[in-house]
Amino acid sequence: MAGAGSRTGTSSVRTTARTVGGHGLRQASRLVRRVSPRAWQAVVSRLRPEAVRLEVIFDGATLLNWRTAQNVSSIVLTPPHSRAGARRYTRSGGEGPAHGIVPLDELPGAEYLVAASTRYGRVPVELLDESAVLATRNEGWTEGARWIVCDEEGSGVRLVRDVEVASQPRVLDLDSGLGVVVITIGSQVEERWRLELRRRGADEALDCGFPIEIEGTRSTFRLSSCQWTLADLRPDQSISRWNIYAVPEGGSSAGTRLKWGGSSVEDVRASLRFRASTAWATSGEVNRVRPYWTKDQHLAVELARVEDSEGSIA
């Protein structure tokens, strides 16, 4: 009898599970009285949706890309204290693995809880192993804001806007050769900048003037012989190191020491490197120039005056 009862109970659980799966969770409560509490608990355990494993990759600008191997219909972003402002982003493609995008510049809030919409309703998500994007900062940018994803225990996966770093200018592009250094900087707010080189370990600064080109919030500077000859360089081949600052045009602050912000590359020191090149200084002498990144990813430049009977003019 025990065996038969056991088989009957198991059959009841399976039958109820199929029935619930067919009618949905809302109708499931009607079946509670038809099974024992133990059997009902087994049904709930079988039907409880698992968290959706989600991969989130920012494009470094205004788009968040998401994908999952599980079958979800959309990603739902909900403000932490109200469901009234929930925003739904439908998947691309048909059944099976899902992917889609979230335009960050459409989000009016500063923080959202991330969930997935499946046939079971709205279920939580958990981030996939971040090793896939370990070599990137994995952040998005919109005007006046940086976006990141946080996965803190007890808080769930959250999409957060950080506005504190928005006004700080960063290096968006860097090129160097023939004694010339071309730097493009930008921030997420409208501002006019000038560059300044400050000699490390000495009270000496070089005003590098204003940009040669301005496009929106981007400013491009060209540093060459005009700037290097202003430095107090001795013709003994000793190297001096200079930190690079962006100073507001009005001079209202001490300036911001420049860091990399051109893409999601995490270790720009290893991936964007330049050899030293020379620029004409005086007859028989050249300035040796090499831009480089410090260990904390700030931009700096090495300068030295060396003898050279030929030299080059830049």
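Predicted model: local features only at pLDDT ≥ 70, side-chain atom pairs only at ≥ 80, totals over all residues.
Me: Contact means heavy atoms within 4.5 Å, so with that settled, which residues does glutamate 285 touch, not counting residues up to four places away in sequence?

Reply: Glutamate 285 touches Pro235, Trp280, Arg305, Val306, Glu307 and Asp308, once residues up to four places away in sequence are left out. Residues are numbered from 1 along each chain as its sequence is written, and side-chain values use heavy atoms, with hydrogens and water left out.

Me: Where does glutamate 285 lie, and is it buried or exposed?

Reply: Glutamate 285 lies in strand β20, residues 285–293, where strands (E, at least two residues) and helices (H or I, at least four) are DSSP runs numbered from the N terminus. At 17% relative accessibility glutamate 285 counts as buried, given that buried means under 20% relative accessible area, exposed means over 50% and partly exposed is in between, with a 1.4 Å probe and protein chains only.

Me: And arginine 305, what does its side chain make a polar contact with?

Reply: The side chain of arginine 305 makes a polar contact of 3.5 Å with the side chain of glutamate 285, and another, of 2.6 Å, joins arginine 305 to the side chain of asparagine 287. A polar contact here is a pair of N or O atoms within 3.5 Å; within protein, one must be able to donate a hydrogen and the other to accept it, and residues adjacent in sequence count only if both atoms are side-chain atoms. Arginine 305 is found in strand β21, residues 299–307, and is buried, with a relative accessible area of 9%.

Me: Switching to salt bridges, how many does the count come to?

Reply: The count comes to 10 salt bridges, a salt bridge being a side-chain nitrogen of Lys or Arg within 4 Å of a carboxyl oxygen of Asp or Glu. In one of them, the side chains of arginine 53 and glutamate 126 meet at 2.9 Å, N to O. Arginine 53 lies in strand β1 (residues 52–58) and glutamate 126 in strand β7 (residues 121–127), so this pair ties together parts that are 73 residues apart in sequence.

Me: How do arginine 53 and glutamate 126 stand for accessibility?

Reply: Arginine 53 is partly exposed at a relative accessible area of 38%, and glutamate 126 also counts as partly exposed, at 33%.

Me: Which residues are linked in a network of salt bridges?

Reply: Arg194, Glu196, Arg198 and Asp207 are linked in such a network. Aspartate 207 pairs with arginine 194, with their closest N and O atoms 3.7 Å apart. Since aspartate 207 lies in strand β14 (residues 205–207) and arginine 194 in strand β13 (residues 193–199), that pair ties together parts that are 13 residues apart in sequence. Glutamate 196 forms a salt bridge with arginine 198, where the closest N and O atoms are 2.6 Å apart.

Me: How many disulfides does a search of the whole structure find?

Reply: The search finds zero disulfides, a disulfide being a pair of cysteine sulfur atoms within 2.5 Å. As for individual cysteines, cysteine 208 is buried, with a relative accessible area of 7%, whereas cysteine 226 is exposed at 56%.

Me: Back to strands: what does threonine 78 touch, not counting residues up to four places away in sequence?

Reply: Threonine 78, which has its place in strand β3 (residues 74–78), touches Arg83, Ala86, Glu111, Tyr112, Leu113 and Arg122, not counting residues up to four places away in sequence. With arginine 122 there is a side-chain polar contact of 3.4 Å.

Technical notes: Contact = heavy atoms within 4.5 Å.
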